[in-house]
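Biologist: I am new to this structure, and I would like to understand the words you use for it. Could you take me through them?

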Amino acid sequence: MSLIKITPPEQAEGQLAETYRDIQNLFGMVPNALQISSANPELLANRWQATRYFRDHPTLGRALLATIRLLVSDANHCAYCVDFNAAMLINACDQTPEQVAATRQDPSQAPLSAKDKALLLFTLKSLHAPADVNSKDVAALHALGWSDRDLLDAVTHAAYNRAVDMILNTFKVERDF
């Protein structure tokens, strides 16, 4: 049970009900990880807009984004998000449980293209040692074909995930998948 009141979909009204309908249409349910934001319907609408943006990202693929989330959540000890993203990598991205476990042990072993892996490692560096990121790091990613927008989006996605992990851990959101 969450530490703060969650409004379930069947009790939602107004903007909250509209956002829940959109989530339901895409996921077939409204996960507890999103219901936790029901205390602030505007915040939930913003979170949902960001979720949709990254879900349909034109250059950052599903496996790359799920791997970023998995590793950020692993570092933040957010079991909800670790399990969710591991399941996504296995069920939607055709990775094996062994590959996911190996990625968690050593991100350089992630079963991604060299281009995606480079952006993954850059993103992790930006989270763990942002002061160490330098122009050579950025130039190397540009040489692989990543744009400034891609770099910003990958780091932003990881930072958003860190915030979500903090929320889920703080309010003890229960796993519902």
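Biologist: Why is Asp22 called partly exposed?

Modeller: Asp22 has a relative accessibility of 27%. Buried means under 20% relative accessible area, exposed means over 50%, and partly exposed is what lies in between (1.4 Å probe, protein chains only). Asp22 at 27% therefore counts as partly exposed. Please keep in mind that this is a predicted model: local features need pLDDT of at least 70, side-chain atom pairs count only at pLDDT 80 or more, and totals for chains, interfaces and linings use all residues. Residues are numbered from 1 along each chain as its sequence is written, and side-chain values use heavy atoms, with hydrogens and water left out.

Biologist: What makes Arg52 and Asp22 a salt bridge?

Modeller: The term asks for a side-chain nitrogen of Lys or Arg within 4 Å of a carboxyl oxygen of Asp or Glu. For Arg52 and Asp22 the closest N and O atoms are 2.5 Å apart, so the pair qualifies. This pair links distant parts of the chain, with Arg52 in helix α3 (residues 41-55) and Asp22 in helix α1, 30 residues apart. Helices here are DSSP runs (H or I, at least four residues), numbered from the N terminus. Arg52, at a relative accessible area of 35%, is partly exposed.

Biologist: How many salt bridges does this rule give?

Modeller: The count comes to 5. One of them joins Asp83 and Arg175, whose closest N and O atoms are 2.9 Å apart. Asp83 lies in helix α5 (residues 79-91) and Arg175 in the segment after α9, so parts 92 residues apart in sequence are tied together. Both ends are partly exposed: Asp83 has a relative accessible area of 29%, and Arg175 has 49%.

Biologist: What makes Asp137 and Lys125 another such pair?

Modeller: Their closest N and O atoms are 2.9 Å apart, so they meet the salt-bridge rule. Asp137 belongs to helix α8 (residues 135-143) and Lys125 to helix α7, so the pair ties together parts 12 residues apart in sequence.

Biologist: Why is His57 called buried?

Modeller: His57 has 8% relative accessibility, which is under the limit for buried, so the word applies. His57 is found in the loop between α3 and α4. The His57 side chain reaches the backbone nitrogen of Thr59 at 3.1 Å, and one of its polar atoms lies 3.0 Å from the backbone nitrogen of Leu60.

Biologist: What makes a group of residues a nonpolar core?

Modeller: A nonpolar core is a set of buried Ala, Val, Leu, Ile, Met, Phe, Trp, Tyr and Cys residues joined through side-chain atoms within 4.5 Å. The largest one has 19 residues, and Leu60, Leu64, Ile68, Leu119, Leu120 and Trp146 touch the most other members. Helices α4 (62-75), α7 (114-128) and α9 (148-170) each supply at least two of its residues. A second, separate core of 9 residues includes Ala17, Tyr20, Val30 and Leu44.

Biologist: Where is Met29?

Modeller: Met29 sits in the loop between α1 (14-27) and α2 (32-35). Its relative accessible area is 32%, so Met29 is partly exposed.

Methods. A polar contact is a pair of N or O atoms within 3.5 Å; within protein, one must be able to donate a hydrogen and the other to accept it, and residues adjacent in sequence count only if both atoms are side-chain atoms.
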